[in-house]
Amino acid sequence: MAQVRLESLHKAFGDNVVVDDLDLTIEDREFLTLVGPSGCGKSTTLRMICGLEKVGAGEVYFDDEPVGYLPANKRDVSMVFQSYALYPHKTVEQNIGFALQMMRVPRAEIGERVARTAASLGISELLGRKPRELSGGQRQRVALGRAIVRDAGAYLLDEPLSNLDAQLRGDMRVELKRLHADLSRTFIYVTHDQVEAMTMSDRIAVMKGGVLQQCAPPEDIYGRPANMFVASFMGSPP
Ligand code: ADP
Ligand code: MG
């Protein structure tokens, strides 16, 4: 179970206020998408949730427990990055299992969990290959596999499809939705792609300049935008 609550979350780099007084609750098992133009603070928000960036002010709660003091590896989250650097000399199986190996999970259990993860992503037949022998879409799946092989209350995905071509992005959207249903976990998904946000989300949170503009289900974001920015960014009819 993982509800993620952001309370008056704030972050500045020097004079540059990047996340400004953000209040947002992501419900357990929700698929919430954070959208907004490049530079609006989406990645910084995710990085504060997972602990890769220190909170400037405010607090992050997992199920009402403040986690601001916890290092990234002690938080019940797993993050997928935009650039999915795989270990080039390791096989797909070793790439996916690496985090578990670091956590000293017994070898037999690693094998089992990697096999299950690969099956859920449709890449079981690729386990013996090296990254250079994979297509872009296959690599993306391996990167996802590395994140979801770890059991976590919440999965944070930072533009995981942005390096893929349009066709593959469409396929992967469907895959990700299926994965969300299968895992039955909280997903916080970041994209600057309005179509992705509209098609995948339970709710969409629109940010601009570090400020949350609106958080609502897709049909409300589209049909009842809170302001001109949301309307123009999401392409609502005038
Ligand atoms: P987004 O993911 O929405 O594109 P980011 O959260 O990556 O936006 O960045 C928001 C702003 O914060 C940008 O202006 C960026 O240059 C700045 N920023 C992000 N990380 C750092 C950092 N470590 N040091 C200084 N500025 C940063
Ligand atoms: Mg970003």
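**Stop 1: H2 and H4**

Select H2 and H4 and look at how one passes the other: their crossing is right-handed. A crossing gets that name if the near helix is turned clockwise from the far one by less than a right angle, and left-handed if anticlockwise. The labels come from DSSP runs numbered from the N terminus, with helices (H or I) of at least four residues and strands (E) of at least two.

Before you go on, two bits of housekeeping. This is a predicted model, where local features need pLDDT of at least 70 and side-chain atom pairs count only at pLDDT 80 or more, while totals for chains, interfaces and linings use all residues. Residues are numbered from 1 along each chain as its sequence is written, and chains are lettered from A and ligands numbered from 1 in the order in which they are written.

Back to the pair. H2 covers residues 92-102 and H4 covers residues 136-148; they pack at an angle of about 30°, with their axes 7 Å apart. That makes the two helices, H2 and H4, roughly parallel. (Angles under 35 degrees count as roughly parallel, over 145 as roughly antiparallel, 65 to 115 as roughly perpendicular and the rest as oblique. Axes are lines fitted to C-alpha atoms, for helices over the stretch in contact, and angles run from 0 to 180 degrees between N-to-C directions.)

Now show side chains. Which residues of H2 meet H4? They are Val92, Asn95, Ile96, Phe98 and Ala99, and on the H4 side you'll find Val142, Gly145 and Arg146. Contact here means that the C-beta atoms, placed from the backbone, lie within 7 Å. Sorted by class, the residues of this H2-H4 contact are five nonpolar, two polar and one charged. (Nonpolar means Ala, Val, Leu, Ile, Met, Phe, Trp, Tyr, Cys and Pro; charged means Asp, Glu, Lys and Arg; the others, Gly among them, are polar.)

**Stop 2**

Pick out the H2 residues Glu93, Ile96, Gly97, Leu100 and Gln101, then Ile110, Arg113, Val114, Thr117 and Ala118 of H3, which make the contact.

Next, pair H4 with H5 (residues 166-183). These two pack at an angle of about 20°, with their axes 11 Å apart. H4 and H5 are therefore roughly parallel to each other. Zoom in where Gly136, Gly137, Gln140 and Ile148 of H4 meet Leu168, Met172, Leu179 and Leu183 of H5. How many charged residues does this contact of H4 with H5 have? None: it has five nonpolar and three polar residues.

**Stop 2**

Select S3 (residues 31-35) and S9 (residues 203-208): they run parallel and four bridges join them. (Two strands pair if DSSP finds at least two bridges between them.) Click Leu34 to find its bridge partner in S9, Ala205.

**Stop 3: the four-strand sheet**

Another open sheet has the order S2-S1-S4-S5, with antiparallel pairing. Its edge strands are S2 and S5. Five bridges join S1 (residues 4-13) to S4 (residues 57-62), and Glu7 stands opposite Glu59 in S4. In the hairpin of S4 and S5, two residues lie between the strands, and Asp63 takes a positive phi near 45°.

**Stop 4: ligand 1**

Finish at ligand 1. Around it, select Phe13, Asn16, Val18, Gly36, Ser38, Gly39, Cys40, Gly41, Lys42, Ser43 and Thr44. (A residue counts as near if its C-beta atom, placed from the backbone, lies within 6 Å.) Which element gives the most to this shell? H1 does, with three residues. By class, the shell has three nonpolar, seven polar and one charged residue.

Note on methods
Contact = placed C-beta atoms within 7 Å. Near = placed C-beta within 6 Å.
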